[in-house]
Amino acid sequence: MKVEMYPHAVRADDNPFITILADGLKEAGVQAVQYMPFRRGYLSDALHVHWLEQVAWGRFAKRLRGVMVVLARCLVRRAREYRAAGRPVVWTVHNLAPHESLKGEASQAFAELRRLFLPLVTDVIFMSGSIVDEVVAQYPEISGAVRHVIPLPHFRRFFADIQRPGVEIDPGAYRKAPVLAVIGMLRPYKGIPQLISVARELDEDFLMIVAGHGDPGICGAIEEAIGSDRRFVLDKRRLTHSDVVSALSGADLAVFNFQSILNSASVLTALSLDTPVLCPSSASLSEIAQLVGSDWVSCFDPPLRSEHI
């Protein structure tokens with residue numbers, strides 16, 4: 001069996017979900033075939049699409065006017081080919097809405113996919129049973145599709161191949177204070193400036209590491225929130241998987257202040273590296289908390305307050 005998948009692969013240090021999925025399909029005897037927007041004729045057994053907004057990703061799409069809409073229309077055409085051949089078109093729902101605000105051409109491309117692609121979807125994969133009604137209410141275009149619930153996987157096996165750092169403590173620099181970690185892409189929906197402002201209200205000593213890359217706007221807001229407080233360390237580099245392992249393995253708690261969230265690979269990453277999590281009590285995250293227990297996932301009712309930390 002072959003599945004044409006979009007995306008088929010990601011960069012080496014991106015979210016490992018697609019890599020884990022492709023490896024799992026291979027172990028099951030299913031070949032993941034690369035989606036190519038201008039391909040015609042040759043069909044696999046199914047078309048599997050993940051993020052709709054990915055037509056607006058990449059330098060090529062952002063630099064050349066009209067490319068995003070062309071890519072959206074190519075995906076619609078490809079889905080129509082599969083439907084005409086009686087083959088499934090699958091959509092995995094990762095987010096209730098794109099994490100980044102879409103403007104101009106990107107917004108137009110997303111709107112076309114919603115209007116023309118989503119009605120062609122025959123099967124929808126949800127990563128939590130608790131989010132099905134919310135997603136269908138947001139996207140009524142998929143109300144007639146077959147629904148499947150396949151939970152977001154843990155990443156323990158993936159990270160097992162990445163060496164964890166040895167524990168090397170410099171007695172002169174050692175702090176007897178908890179280490180809190182905010183790890184991953186720096187994006188507005190994660191509420192990091194607000195988290196820092198709340199944490200600064202604490203009288204206790206701690207070290208909060210905020211690490212990941214983001215645009216100048218969100219990085220500036222984070223720097224402004226930190227001010228001169230030496231309890232915070234901001235690392236704006238694009239993190240490798242080794243960086244993520246190092247940061248989370250050395251933390252006592254991974255802290256998340258999502259302003260809105262459907263599924264979270266970041267939470268699963270922290271748990272896969274044996275780091276407890278503090279996060280909002282959304283439907284899917286509360287489901288994870290019930291599964292692993294409150295010693296590993298502690299949920300708070302937003303908004304975040306200093307007593308939650």
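Two strands count as paired if DSSP finds at least two bridges between them. The strands themselves, like the helices, are DSSP runs numbered from the N terminus (helices are H or I with at least four residues, strands are E with at least two). With that in hand, look at strand E6, where histidine 148 is the bridge partner of isoleucine 125. That link belongs to a set of four bridges that join E5 (residues 123–126) to E6, the two strands running parallel.

A word on what you are looking at: this is a predicted model, where local features need pLDDT of at least 70 and side-chain atom pairs count only at pLDDT 80 or more, while totals for chains, interfaces and linings use all residues. Residues are numbered from 1 along each chain as its sequence is written, and side-chain values use heavy atoms, with hydrogens and water left out.

Now step back to the sheet around E5 and E6. It's an open sheet of six strands in the order E2-E1-E3-E4-E5-E6, with parallel pairing. Its edges are strand E2 (31–34) and strand E6 (146–149), each of which pairs on one side only.

Is serine 44 buried or exposed? Serine 44 is buried, with a relative accessible area of 3%; the cut-offs are under 20% for buried and over 50% for exposed, with partly exposed in between (1.4 Å probe, protein chains only). Leaving aside neighbours within four places in sequence, the contacts of serine 44 are Lys2, Val3, Glu4, Val33, Tyr82 and Arg87.

On to the other sheet. Here too you have an open sheet of six strands with parallel pairing, this time in the order E9-E8-E7-E10-E11-E12. E9 and E12 are the edge strands, each pairing on one side only. Neighbouring strands of this sheet are turned by 25° against each other on average, direction ignored. E10 and E11 run parallel and are joined by two bridges, and valine 255 stands opposite leucine 278 in E11.

H7 lies across strand E7 (179–183), E8, E9 and E10, running at about 170° to E8. H10 packs on the sheet as well, touching E7, E10, E11 and E12, and its direction makes about 160° with that of E11.

H10 (residues 265–272) has seven of its eight residues buried, so it is largely enclosed by the rest of the structure. Those buried residues are Ala265, Val267, Leu268, Thr269, Ala270, Leu271 and Ser272. What covers them includes helix H6 (156–160), helix H9 (241–249), strand E10 (253–255), strand E11 (277–280), H11 and strand E12 (297–300). After H10 comes aspartate 274, whose phi is positive, near 65°.

Helix H8 (residues 216–226) has a buried side made of Ile218, Cys219, Ile222, Ala225 and Ile226. They sit on the same side of H8 because they cover an arc of only 125° around the axis, taken from the directions from the helix axis to the C-beta atoms. These buried residues pack against helix H7 (192–199), strand E8 (207–211) and strand E9 (232–235). The face turned away from the buried side carries the exposed residues Pro216, Gly217 and Glu224. H8 is followed by glycine 227, with a positive phi near 60°.

Helix H11 (residues 283–292) is where you'll find alanine 289, which is buried at a relative accessible area of 13%. Not counting residues up to four places away in sequence, alanine 289 touches Ser294, Val297 and Cys299. Alanine 289 and aspartate 229 are 60 residues apart in sequence and 32 Å apart in space, C-alpha to C-alpha.

Finally, the cysteines. The structure holds zero disulfides, a disulfide being a pair of cysteine sulfur atoms within 2.5 Å. Cysteine 74 counts as buried at 8% relative accessibility, and cysteine 219 is buried with a relative accessible area of 6%.

Note on methods:
Contact = heavy atoms within 4.5 Å. Axes fitted to C-alpha atoms, helices over the stretch in contact; angles between N-to-C directions.
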